[in-house]
Amino acid sequence: MESIWSQSCSIRERETLHNDLEVEVAVIGAGMAGILTAFALQEAGRQVVVLEANRIGSGQTRNTTAKITSQHGMVYQKVIQTMGMDAARQYAQANQLAVRAYKDIIKANQIDCDFEERSAYVYGNDAQTLQEEVRAAVELGLPASYVTDLNIPVPAVGAVKFDHQAQFHPLKFLKSISDGLTVYEHTPVQTVEEDRLYTPYGTVKAKQIVFTCHVPFLNFPGMYFTRLHQERSYVLALANAPQVDGMYISAEKGGWSFRNYGEFLLMGGENHRTGENTQGGRYERLRQKARECFPQSREVAHWSAQDCITPDGVPYIGRYTASRPNWYVATGFQKWGMTTSMVSAMILRDMICGTENSYAQVFDPGRFEAAALPGVAAESGQAVRGLIKRFFQIPAEEASNIPAGHGGIVFLDGEKVGVYKEQDGTIHAVDIRCPHLGCQLEWNPDERSWDCPCHGSRFDCDGRLISGPAQEEISLPQTQA
């Protein structure tokens, strides 16, 4: 399940850390946010190293749909209502500035990354709500208008249109801007204490430490696991499909997204909370819709993405916590990781360099808005349910009853474990407890993975860690059926 970006671009491999270091700034994570932050800091004269557990761009960046836009769905009315006009204007202007910043970097560095200016649309069937969103966006200074002439194969009365947005090839861009940076790959940060980062291969001492690793892996301080949840979404790349001349997302839950890349059409949808896909069928439903909309099309790639979601819909960018004034974080990008990565780089660069940033306040991780309380309570309740389920749910099947090619939770040798059975009968058994906080994992048949419904960690069928906040695998010895 490689994305079309991974299929068409490779980034040179970097060495693993092999000794202790002392630097000004250490950045954890070499995705778009981490690399952009390191790039901005190095441009500002700071000594920076980036530590990456896998490869540059190997996490969420390679699985994006790569839209660069301040059009973030039906967000602006919500932010005005929950955080006020000043905060909404900060959010809007920061993201619009990020679009321009990409253009400037690409032009200044002559980066060949298939950058194209495109309009962004949120389409739907509630004209009044769409028009109200347009009015809110215009009041905030955004290039918004209401349109009814849409080039998509699904019903819609109209759309919120943002002019002069963009799309690109994220890995080609990342390859270029990472070229002059010091990046250590296959170097996971296991823990951080004060000004020291500990890896299996050496210790890094840094005056400032930046967490851009999708979701912070330290539970304390900060407790970000209580203030975020993760969601998955699915994408098909289609040949022999039409040009839609823009980037489209649905205003309604369960809708579809469309955008072209060259001769291909990228069609996305089937979003769900991580760990809540035990029935599967997400790719098949997406394919069925593609056959309905584009009967002559042909699938050339498919992949999925994972997004961190905050309760109030605004990312956390800034100081990690008051007790660690030299730690910084960027997380909770919703489904807008490319634009928010640039916002993060600009804000964190200014904070570390001691420069005032007029957009930083709205993204402050220390905010505690009353409007966000129901969301925080919901995340805590989800975690409690995950723990209770582990202790009280009785598996319905023994290992011998799991069909070939399927996974499930069973009793095996007297223990409650997760089992995946290959077509030849080989059983892959794993500990069903998430090593992060002990919630019960759930089988994801579409991706053959074990996913945590509490905090979004994921593991392959052999128990190897795919993504955190967990940092350990869940493997058990392999047996035969």
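Which residue forms a salt bridge with arginine 367? The partner is aspartate 312, and the closest N and O atoms are 2.7 Å apart.

## About the model

This is a predicted model, in which local features need pLDDT of at least 70, side-chain atom pairs count only at pLDDT 80 or more, and totals for chains, interfaces and linings use all residues. Residues are numbered from 1 along each chain as its sequence is written, and side-chain values use heavy atoms, with hydrogens and water left out.

## Arginine 367 and aspartate 312

A salt bridge is a side-chain nitrogen of Lys or Arg within 4 Å of a carboxyl oxygen of Asp or Glu. The arginine 367 and aspartate 312 pair links distant parts of the chain, 55 residues apart. Arginine 367 sits in the loop between helix 8 (337–353) and helix 9 (373–392). Aspartate 312 sits in the loop between strand 15 (298–309) and strand 16 (316–321). Helices (H or I, at least four residues) and strands (E, at least two) are DSSP runs, numbered from the N terminus.

Are these two residues buried or exposed? Arginine 367 has a relative accessible area of 12%, so it counts as buried. Aspartate 312 is buried too, at 7%. Buried means under 20% relative accessible area, exposed over 50%, and partly exposed in between (1.4 Å probe, protein chains only).

## Other salt bridges

How many salt bridges does a search of the whole structure find? The search finds 23. One of them joins the side chains of glutamate 185 and arginine 55, at 2.7 Å from N to O. This pair also links distant parts of the chain, 130 residues apart. Glutamate 185 lies in the loop between strand 7 (183–184) and strand 8 (191–193). Arginine 55 lies in the loop between strand 2 (48–51) and strand 3 (67–68). Glutamate 185 is buried, because its relative accessibility is 0%. Arginine 55 is partly exposed, at 22%.

Arginine 196 pairs with aspartate 195 in another salt bridge, with the closest N and O atoms 4.0 Å apart. Arginine 196 is partly exposed at 33%, and aspartate 195 is partly exposed at 28%. Salt bridges also form a network, which links Arg232, Glu447, Asp451 and Arg458.

## Glutamate 442

Glutamate 442 belongs to strand 21 (residues 442–444). Its relative accessibility is 7%, so glutamate 442 counts as buried.

Which side chain does glutamate 442 contact? Its side chain makes a polar contact with the side chain of glutamine 440, at 3.5 Å. A polar contact is a pair of N or O atoms within 3.5 Å; within protein, one must be able to donate a hydrogen and the other to accept it, and residues adjacent in sequence count only if both atoms are side-chain atoms.
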